[in-house]
Amino acid sequence: MKKVIALLFCAIALVITSCTPSNEEKAEKLVKETLKDYLYHPDSYEPISTRVDSMFIDATTIEPIMEIGEEIKDLMSKINRCKRKIESAESSMDLWAPDGYSSQYSRGEYSRAKKDLLYIQLHLPAALLH
């Protein structure tokens with residue numbers, strides 16, 4: 001009798017544990033739910049295959065990646081600063097553009113903005129390297 005109860009208990013435990021979805025099934029369900037929000041016809045999507053694999057990161061590769069990320073951040077900051085300077089010079093050139101009624105001051109401001117723009121354009125690669 002004890003053997004029958006133990007066997008029945010093992011069978012129930014096996015059925016319960018086999019009913020839980022695997023990692024692949026969980027991932028596939030998550031993808032389907034997410035795609036419903038983004039696709040026009042989510043029913044037309046059918047995954048070819050789903051394979052979940054473990055990801056291992058070597059701790060020695062994290063530091064160089066972080067350094068490269070810092071360099072990229074610094075370069076993007078310099079690029080954005082140069083873009084703002086170019087936009088400012090172009091705006092000044094538009095504002096002080098000479099016409100038939102230009103004063104000496106407005107022609108001087110236009111000339112200064114044009115020089116600033118040319119300087120930025122000529123020295124842009126050097127500014128990004130330093």
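With which residue does Glu70 form a salt bridge, and how far apart are the closest N and O atoms? In this predicted model, the partner of Glu70 is Lys73, and the closest N and O atoms of the pair are 3.6 Å apart. The two residues, Glu70 and Lys73, are three residues apart in helix H3, so about one helical turn separates them. Glu70 is partly exposed, because its relative accessible area of 44% lies between the limits of 20% and 50%. Side chains of opposite charge can pair when their charged atoms come close.

The overall fold is described next. The protein contains four helices and zero strands. Read from the N terminus, the order of elements is α-α-α-α. The protein has 130 residues, and 9% of them are buried.

The salt bridges were then considered for the whole structure, where a search finds three. One of them is the pair of Glu70 and Lys73 described above. Another is formed by Glu109 and Arg112, with 3.2 Å between the closest N and O atoms. Both residues of this pair belong to helix H4, which covers residues 104-129, and their spacing of three residues is about one turn of the helix. Arg112 also forms a salt bridge with Asp116, and here the closest N and O atoms are 3.0 Å apart. Arg112 and Asp116 are four residues apart in helix H4, again about one turn of the helix. Through these shared partners, the salt bridges join Glu109, Arg112 and Asp116 into one network.

Arg112 is partly exposed, with a relative accessible area of 39%. Asp116, at 32% relative accessibility, likewise counts as partly exposed.

The side chain of Ser106 reaches the backbone oxygen of Ser103 at a distance of 3.0 Å. Ser106 counts as buried because its relative accessibility is 10%, and buried means under 20%.

The negative one is formed by Glu63, Glu67, Glu71 and Asp74. Of these residues, Glu63 lies in helix H3, which spans residues 59-95. Glu63 has a relative accessible area of 55% and is therefore exposed, since the limit for this class is over 50%.

The other patch is nonpolar and consists of Ile68, Ile72, Leu75, Met76 and Ile79. Together, the residues of this nonpolar patch have about 420 Å² of accessible area on the surface. One of its members, Ile79, is found in helix H3. With a relative accessible area of 30%, Ile79 is partly exposed.

Terms used: Residues numbered from 1 in each chain as written. Predicted model: local features only at pLDDT ≥ 70, side-chain atom pairs only at ≥ 80, totals over all residues. Heavy atoms only, no water. Patch = residues over 30% accessible without salt bridge, like charges linked within 9 Å, V, L, I, M, F, W, Y side chains within 5 Å. Areas by Shrake-Rupley, 256 points an atom, 1.4 Å probe, with all protein chains shown as cover. Salt bridge = Lys/Arg side-chain N within 4 Å of Asp/Glu carboxyl O. Lys, Arg positive; Asp, Glu negative; His and termini not counted. Charge placed at Lys NZ, Arg CZ, Asp CG, Glu CD. Buried < 20%, exposed > 50% of the residue type's maximum accessible area, 1.4 Å probe, protein only. Polar contact = N/O pair within 3.5 Å; in protein donor to acceptor, adjacent residues only side chain to side chain.
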